[in-house]
Amino acid sequence: MGMTLTIITVGAAAMSIAGINIRDFFRNSPKAQDKATIQSYIKFLEGKEVLLAPIDDEVQPAVIKSLEKIKDETERVRAGVNDEAIQTVLLQVILTLSKELQSLYRIDADTDQGKYKMYRSLQKIRLDMSKALAMFCAAFGIDPTGNNSRLGEFILNFSIRPRN
């Protein structure tokens with residue numbers, strides 16, 4: 001197990017999403033089919049700059065379009081997995097995406113206040129997404145640093161915070 005996956009696994013043990021925690025994934029021992037689906041989902045997310053790009057590089061129409069694609073793919077993945085814990089975590093991500101997309105449609109990103117609102121929406125989405133990915137990587141033993149992916153760094157930066 002790589003260092004990043006070890007840190008993510010330890011961090012995932014302390015988090016929950018929509019009342020689901022890492023232990024819920026092990027109760028029903030997730031199936032190989034679900035693992036393959038989640039691996040494919042993670043591969044899809046690797047290329048999504050909206051999760052990784054600095055906020056100064058973000059443009060509202062491109063952000064909305066990219067988030068809509070992520071939401072559509074998340075809905076497709078949720079429909080294709082059998083594990084209830086995975087479905088619940090993905091539903092939480094979908095709900096966050098839906099809520100923040102509604103907000104993004106209404107803001108004027110040409111104003112300072114609009115830029116701040118866009119930043120806040122992206123941070124909420126990135127936080128939920130990173131927590132979900134941390135749990136999936138920990139549950140399935142998926143190393144998010146494969147293929148020179150920046151997702152490992154993304155997960156560490158957003159979901160695994162130093163605690164005092």
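Biologist: Among contacts between residues at least 6 apart in sequence, what share joins residues at least 24 apart?

Modeller: In this predicted model, 77% of those contacts do. A pair counts as a contact when heavy atoms lie within 4.5 Å.

Biologist: What are the elements of the protein, and in what pattern do they follow one another?

Modeller: There are eight helices and two strands. Along the sequence they run α-β-β-α-α-α-α-α-α-α.

Biologist: How much of the protein counts as buried?

Modeller: Of the 164 residues, 48% do. The word applies to a residue with under 20% relative accessible area.

Biologist: What does T74 touch, beyond residues up to four places away in sequence?

Modeller: It touches Y41, L90, V93, I94 and L97.

Biologist: What makes the link between the side chains of T74 and Y41 a polar contact?

Modeller: The two side chains are joined at 2.6 Å. A polar contact needs a pair of N or O atoms within 3.5 Å, one able to donate a hydrogen and the other to accept it, so 2.6 Å passes the distance test.

Biologist: Why is Q60 called buried, and where does it lie?

Modeller: Q60 is in helix α5, which covers residues 60–80. At 16% relative accessible area it falls under the 20% limit, and therefore it counts as buried.

Biologist: What does the side chain of Q60 reach, and which residues does Q60 touch?

Modeller: The side chain reaches the backbone oxygen of I107 at 3.1 Å. Leaving out residues up to four places away in sequence, Q60 touches L104, I107, A109 and M118.

Biologist: What is found at the start of α6?

Modeller: A side-chain oxygen of D83 reaches to within 3.0 Å of the backbone nitrogen of A85. The buried residues of α6 include A85 itself, together with V89, V93, L97, L101 and L104.

Biologist: And how do you know that the span of α7 agrees with its length?

Modeller: At 1.5 Å a residue, the 29 residues of α7 should span 42 Å, and the end C-alpha atoms are 41 Å apart, so the values agree. After α7 comes G141, whose phi is positive, near 65°.

Biologist: Which residues touch the most other members of the largest nonpolar core?

Modeller: L67, M129 and F154 do, in a core of 41 residues. The elements giving two or more residues to this core are α3, α4, α5, α6, α7 and α8. The most come from α7, with twelve residues.

Biologist: What is M129 in contact with, its neighbours within four places in sequence aside?

Modeller: M129 contacts Y41, L45, L51, I70, V93 and F154.

Biologist: What lines the largest pocket?

Modeller: The lining has 13 residues, of which L51, L52, F154, N157 and F158 lie nearest the centre. Two or more lining residues come from each of α4, α7 and α8. Helix α8 gives the most, with four residues. The volume of this pocket is about 190 Å³.

Biologist: Why does F158 count as buried?

Modeller: F158 belongs to helix α8. Its relative accessibility is 16%, and buried means under 20%, so F158 qualifies. Neighbours within four places aside, it contacts Q123, R126, L127 and S130.

Biologist: Last one: why does P144 count as buried, and where is it found?

Modeller: P144 is in the loop between α7 and α8. Its 1% relative accessibility is under the 20% cut-off, so P144 counts as buried. P144 and I42 are 102 residues apart in sequence, yet their C-alpha atoms are 7.9 Å apart in space.

Methods
Residues are numbered from 1 along each chain as its sequence is written. This is a predicted model: local features need pLDDT of at least 70, side-chain atom pairs count only at pLDDT 80 or more; totals for chains, interfaces and linings use all residues. Side-chain values use heavy atoms; hydrogens and water are left out. Buried means under 20% relative accessible area, exposed over 50%, partly exposed in between (1.4 Å probe, protein chains only). A nonpolar core is a set of buried Ala, Val, Leu, Ile, Met, Phe, Trp, Tyr and Cys residues joined through side-chain atoms within 4.5 Å. On a 1 Å grid over the protein atoms alone, a cavity is a set of points where a 1.4 Å probe fits but cannot get out, and a pocket is an open set with protein on both sides within 12 Å along at least five of seven lines; lining residues have an atom within 4 Å of a point. Grid points are joined across faces, edges and corners, and a volume is the space filled by probe spheres set on the points. The expected span of a helix is 1.5 Å times one less than its number of residues.
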